[in-house]
Each structure stands twice: as structure tokens, then as C-alpha cells.
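Subject: Model handover

Hello,

My notes on it come after the sequence and structure.

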Amino acid sequence: MTRLYSFKEGALDEAAQILDTNIHLDRSGIISALSASVLLARSVEYLDVSPALKETMITRADDALYLGSDHAFVNALVARVFLNISGEDSKGYELANKAVLLDPQNPYALNSAAAAQSILGAPKEAQILARESQKFAKSQPNEFWFDAGFSLSAASAGDITAARNAALQSHQKMRSFRPALRWLVAYSYYERDFKMASEYTRRLKILEPDFHPSSLLEPSYPVAILRQAGVIDRIGEVLG
């Protein structure tokens, strides 16, 4: 799980291949749900919005629900997939709520519910749920992932200080997790902390050699939630 969510070079492709190879062993929906989740991560990271990938994601998500409709983890992962597919957000919201009802202390369920509230335009509620997901993810090997989720929820709620602190927590727990470093560069410029913006840029360039702070301003660069939160527009005043 840690490697799956780490975004290390080649990790997403490796995870997708392993899950695809073992999909026939799925009896509970977990492998199918993980497969759909990895494909979603690849879609976001590699900006792949092809119809073929979307169709595969939906197929895997539907298979997961068929096998594990009463499993909180399965519903939570599948919810995130539908929340990110155009026209399917209402289904994602329904599944996120179901996941929380099945297990109110499941960090994946709470994380999905937070994403749903954010998409619905309820950032404060999203931040509360994301904080709960952080709490219940303590000591999990991929704890950094839930810090990242809280960072995005806090940014959407306009709480940039909390967003930056959570992104730093995420980075400290998983140094190869590029999204957290991207956000730290953005948050640092947002708060006019140019010294740390330069330091986080240096660290990110080790993992992403072509990165430049101005990359954040490119419409295709994967910082969509920060763009929606107005963070990118603000730092454009400095970088533009």
C-alpha cells in the first residue's frame, strides 16, 4: 500500500501491473477497488483522460462493488474514482457516505467523504472529515496519504497555514511523494516564504528534473485542487 500511494518513479505502473495480473483472484472486491484507484492516480499524475482508461476504471469499480458492496474500504476507494469522473460525482458521494456508515472510523471512508464534501462546495465540512481521517490513519504505513488529503481540504477551505503544515507532515513521512512537494512550493510562494519555496523546488527537481516554479502556472500541471482554491492565481502574481 505504501508503494502504491508513494508516486515513486514507476511505482504506479508497477502497482497497476501487479493488480492486473492478480485481478482473477479477487473474491472480496479489494483487488478490483485498488486497481481502479491506481488507474485513477495514474490518470491524475499523467494527465491521461482517454476514454479507454475511463472505461477500464469504471469496469474495475463496478466489479469491486459487485464483489464487496458491504466493505467500507471498497466503497471508499470506488467513491474516489466516481468523484473524479465527470458526470459520476453523485454516485461517488453516495458511496462515500455508505463507506462512512459501514465504518465511521475507517480513514479511507472519511477521506472519500471529505473529497465528496469538497466537490459539493462544503470546504469546512470537508476539512473536518479530513482531520478525522488523519486521526484514524495514525501509525498506518501510508499515513502520509491522509496528511495529503487534509492539506488539500484545508487549502480548499482557505486555511493555507494548516494546508502547508499538513503537506510538510506528508513530505516528512514520504520523501518521494511528489504531490506534497509541489504543494509546499505553491504554499511557500503563497505565503511569500521565498527561502523555503527555493528549498522545496530543489528537493522536487531531484524527483522531477523538468520542474520549475512556473510549471505550477501551466493549466495541465497536476495541481487542480490548488487551482480551484485560488492558490495558483495568487502565486501567479509572484511567478508571472
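This is a predicted model: local features need pLDDT of at least 70, side-chain atom pairs count only at pLDDT 80 or more; totals for chains, interfaces and linings use all residues.

Overall fold. Along the principal axes, the C-alpha atoms fill a box of roughly 50 × 35 × 35 Å. Of the 240 residues, 49% count as buried. Among contacts with a separation of 6 or more, 58% come from residues 24 or more positions apart.

Helix pair α5 and α7. Two packed helices are described by the angle between their axes and the distance between the axes. For α5 (residues 72–83) and α7 (residues 107–119), the angle is about 25 degrees and the axes are 8 Å apart. With angles under 35 degrees counting as roughly parallel, α5 and α7 are therefore roughly parallel to each other. The crossing of α5 past α7 is left-handed. On the α5 side, the residues in contact are F73, A76, L77, A79, R80 and L83; on the α7 side, they are Y108, A109, N111, S112, A115, A116 and I119. By class, this contact has ten nonpolar, two polar and one charged residues.

Single residues. Which residues does T201 touch, leaving out those up to four places away in sequence? They are V185, F211 and P213. T201 itself is in helix α12 (residues 194–207), and it counts as buried because its relative accessibility is 9%, where buried means under 20%.

Two residues other than glycine have a positive phi and may be worth a look in your viewer. S139 has a phi of about 75 degrees and is placed in the loop between α8 (123–136) and α9 (143–156). With a relative accessible area of 70%, S139 is exposed. For R192, phi is near 60 degrees. R192 lies in the loop between α11 (178–190) and α12, and at 34% relative accessibility it counts as partly exposed.

Regards

Notes: Residues are numbered from 1 along each chain as its sequence is written. Side-chain values use heavy atoms; hydrogens and water are left out. Axes are lines fitted to C-alpha atoms, for helices over the stretch in contact, and angles run from 0 to 180 degrees between N-to-C directions. Helices (H or I, at least four residues) and strands (E, at least two) are DSSP runs, numbered from the N terminus. Angles under 35 degrees count as roughly parallel, over 145 as roughly antiparallel, 65 to 115 as roughly perpendicular and the rest as oblique. A crossing is left-handed if the near helix is turned anticlockwise from the far one by less than a right angle, and right-handed if clockwise. Contact means heavy atoms within 4.5 Å. Ala, Val, Leu, Ile, Met, Phe, Trp, Tyr, Cys and Pro count as nonpolar, Asp, Glu, Lys and Arg as charged, and the others, Gly among them, as polar. Buried means under 20% relative accessible area, exposed over 50%, partly exposed in between (1.4 Å probe, protein chains only).
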